[in-house]
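Please keep the sequence and the model open side by side while you read.

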Amino acid sequence: MQLGLVIPLLNEHELVTEVVASIHSTLEAAEISHIIVLVNNGSTDQTGAKIDDLAQSDSVHAIHLRENAGYGGGILAGFAWL
């Protein structure tokens with residue numbers, strides 16, 4: 001079994017790397033298999049590029065929405081991938 005986390009992001013380029021590293025290290029320490037789905041929810045900053053960099057890891061997947069679909073829309077887009 002694997003834990004799936006969906007995180008919708010809107011203009012969060014300054015924090016996304018730190019947040020993902022914190023979540024990943026906590027789950028690794030607890031020996032919880034996981035996948036983190038980062039949803040770029042129509043960001044106009046460098047969020048998309050940051051999550052693409054993070055998605056080079058097997059435990060992170062990036063989804064890009066052209067327009068902001070709202071928090072719920074971002075969550076649903078991530079769940080559709082899981």
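## The sheet

In what order do the strands form the open sheet? The order of the 3 strands is β1-β2-β3, with parallel pairing. Two strands pair if DSSP finds at least two bridges between them; helices (H or I, at least four residues) and strands (E, at least two) are DSSP runs, numbered from the N terminus. β1 and β3 stand at the edges with a single partner strand each, so one side of each is left without a neighbour in the sheet. From one strand to the next, the twist averages 20°.

This is a predicted model, in which local features need pLDDT of at least 70 and side-chain atom pairs count only at pLDDT 80 or more, while totals for chains, interfaces and linings use all residues. Residues are numbered from 1 along each chain as its sequence is written, and side-chain values use heavy atoms, with hydrogens and water left out.

## From β2 to β3

Strand β2 (residues 34-41) runs parallel to strand β3 (residues 60-65), and 6 bridges join them. Between them the chain passes through helix α2 (residues 47-54), in a right-handed β-α-β crossover: with the strands pointing away from the viewer, the path from the first strand over the helix to the second runs clockwise. Along this pairing, Asn-40 has His-64 as its bridge partner, and Ile-36 stands opposite Val-60.

## Nonpolar cores

A nonpolar core here is a set of buried Ala, Val, Leu, Ile, Met, Phe, Trp, Tyr and Cys residues joined through side-chain atoms within 4.5 Å. Buried means under 20% relative accessible area, exposed over 50%, partly exposed in between (1.4 Å probe, protein chains only). The largest core has 10 residues, among them Ile-7, Val-20, Ile-36, Ile-51 and Val-60. The elements giving two or more residues to this core are β1 (3-9), α1 (16-29), β2, α2 and β3. A second, separate core of 5 residues includes Val-37, Val-39, Ile-63 and Ile-75.

## Two residues of helix α2

Thr-47 belongs to helix α2 and counts as buried because its relative accessibility is 0%. Its side chain has a polar atom 2.8 Å from the backbone nitrogen of Glu-12 and also reaches the backbone nitrogen of His-13 at 3.0 Å. Such polar contacts are pairs of N or O atoms within 3.5 Å; within protein, one must be able to donate a hydrogen and the other to accept it, and residues adjacent in sequence count only if both atoms are side-chain atoms.

Asp-53 is also found in helix α2, but counts as exposed, because its relative accessibility is 58%.

Conventions. Axes fitted to C-alpha atoms, helices over the stretch in contact; angles between N-to-C directions.
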